[in-house]
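Me: I have a structure to read and would like to go through it by question and answer. Could you take it one step at a time?

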Amino acid sequence: MIVTIDGVAASGKSSVSGGVARALGVPYVSSGLLYRAATGLGLEAAVDLHDAPALLSHLQSHPLRLEPLAAGNRVWQGGRELTGELHSTRVDRGVSVVAALPEVRAWVDAQLRALPSPFVAEGRDMGTNVFPRAGAKFYLTASPHIRAVRRAQERPEDVPAIEAALVRRDELDRVQSAPAPDAVVIDTGPLTLDGVIQTILAQLPAQLTSA
Ligand SMILES: Nc1ncnc2c1ncn2[C@@H]1O[C@H](COP(=O)(O)OP(=O)(O)O)[C@@H](O)[C@H]1O
Ligand SMILES: Nc1ccn([C@@H]2O[C@H](COP(=O)(O)OP(=O)(O)O)[C@@H](O)[C@H]2O)c(=O)n1
């Protein structure tokens, strides 16, 4: 059983996926964390983030491992945990360039498809490209301002700067961010985090919640 939760930046995907996954007793899988880890490694090694062959060769010689826990995803490069450094403004700025490289997308997709189900998968193209046959699909939205106010609790910049960066990243991510035609779209703006989680749980087919 796979449930996909896609959506724009800071729409609530990780927090909601964690809540839904915990309620179902399964892990959730953060695809964005793999794109962030690829970006973090590239920045650390001073690889040109537009240079797909150089980045891919660096990723192949420094393999990453995603640990998809319900309590929060972690990512490792060998015995070194990278998770804590990846939700920075620096990685936010570079990640959409890396995510636009078809070679990197194929590298991420292969890792995700190799994970044992059941799980909740969150990102941009989980319901369209990576798991088109998922048992249930959701797509989260909220206005840029609401998302910026939420993200301001997690970044040092002020709300207008965060909002501008989110709008820019939405635009750079637009190609891979179209909702699946069969996804339920949820505007999380007027809802609490728990409200979004309950809305999703209420719409899951019975065979998924009892699986
Ligand atoms: N419905 C909601 N109401 C209020 N705050 C929320 C809601 N959903 C998420 N948040 C908060 O917004 C921030 C961004 O959520 P996050 O799950 O990281 O989004 P994403 O994974 O889409 O980037 C977090 O601080 C989270 O706690
Ligand atoms: N399935 C996915 C997930 C993330 N991404 C890329 O990875 C970046 C970081 O994703 P994320 O989900 O960690 O970011 P937030 O939405 O949490 O800010 C996005 O801005 C996209 O560029 C993607 O292209 N496809």
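**Loops, ligands and cores**

Reply: The loop between H2 and helix H3 (52–61) contains Ala-46. The model is predicted.

Me: What is the phi of Ala-46?
Reply: Ala-46 is a residue other than glycine, yet its phi is positive. The value is near 55 degrees.

Me: Is Ala-10 buried or exposed?
Reply: Ala-10 is also not a glycine and has a positive phi, of about 60 degrees. Its place is the loop between E1 and H1. The cut-off for buried is 20 or more other C-beta atoms within 10 Å. Ala-10 has 28 of them, so Ala-10 is buried.

Me: Which residues does a cis peptide bond join?
Reply: Pro-118 lies in the loop between helix H5 (102–113) and E6. The cis bond has an omega of about 10 degrees. The two residues it joins are Ser-117 and Pro-118.

Me: Which element gives the largest share of the shell around ligand 1?
Reply: The shell around ligand 1 has 17 residues, and the closest are Gly-12, Lys-13, Ser-14, Ser-15 and Arg-150. Helix H1 (13–24), helix H7 (144–151) and helix H9 (193–203) each supply at least two residues. The largest share is three residues, and the element that gives it is H1.

Me: How many residues of the shell around ligand 1 are charged?
Reply: The shell is divided by class into nonpolar, polar and charged residues. Five are nonpolar and eight are polar. The number of charged residues is four.

Me: Which element gives the largest share of the shell around ligand 2?
Reply: Around ligand 2 there are 19 residues, with Gly-32, Tyr-35, Ala-99, Gly-123 and Arg-124 nearest. Two or more residues come from each of H1, helix H2 (31–44) and helix H4 (89–99). The largest share is five residues, from H2.

Me: How many residues of the shell around ligand 2 are nonpolar?
Reply: Six residues of this shell are polar and six are charged. The number of nonpolar residues is seven.

Me: Which residues touch the most other members of the largest nonpolar core?
Reply: In soluble globular proteins, nonpolar side chains tend to be buried together. The largest nonpolar core here has 27 residues. Elements that supply at least two residues of this core include strand E1 (2–7), strand E2 (28–30) and strand E6 (119–123). The members with the most contacts to other members are Val-20, Val-120 and Ala-121.

Me: Which residues is Val-120 in contact with, leaving aside neighbours within four places in sequence?
Reply: Contact is judged by C-beta atoms within 7 Å. By that test, the contacts of Val-120 are Val-3, Ile-5, Ser-17, Val-20, Ala-21, Val-26 and Tyr-28.

Me: How many residues are in the second, separate core?
Reply: The members of this second core include Leu-41, Leu-59, Val-98 and Ala-99. Its size is 18 residues.

Me: How far apart in space are Val-97 and His-50?
Reply: Val-97 is in helix H4, and is partly exposed because 16 other C-beta atoms lie within 10 Å. Not counting residues up to four places away in sequence, Val-97 touches Leu-49 and His-50. Val-97 and His-50 are 47 residues apart in sequence, while their C-alpha to C-alpha distance is 6.6 Å.

Methods
Residues are numbered from 1 along each chain as its sequence is written. Chains are lettered from A and ligands numbered from 1 in the order in which they are written. This is a predicted model: local features need pLDDT of at least 70, side-chain atom pairs count only at pLDDT 80 or more; totals for chains, interfaces and linings use all residues. A residue is near a molecule or strand if its C-beta atom, placed from the backbone, lies within 6 Å of it. Helices (H or I, at least four residues) and strands (E, at least two) are DSSP runs, numbered from the N terminus. Ala, Val, Leu, Ile, Met, Phe, Trp, Tyr, Cys and Pro count as nonpolar, Asp, Glu, Lys and Arg as charged, and the others, Gly among them, as polar. A residue is buried if 20 or more other C-beta atoms lie within 10 Å of its own, exposed if 12 or fewer, and partly exposed in between; C-beta atoms are placed from the backbone. Two residues are in contact if their C-beta atoms, placed from the backbone, lie within 7 Å. A nonpolar core is a set of buried Ala, Val, Leu, Ile, Met, Phe, Trp, Tyr and Cys residues joined through C-beta atoms within 7 Å.
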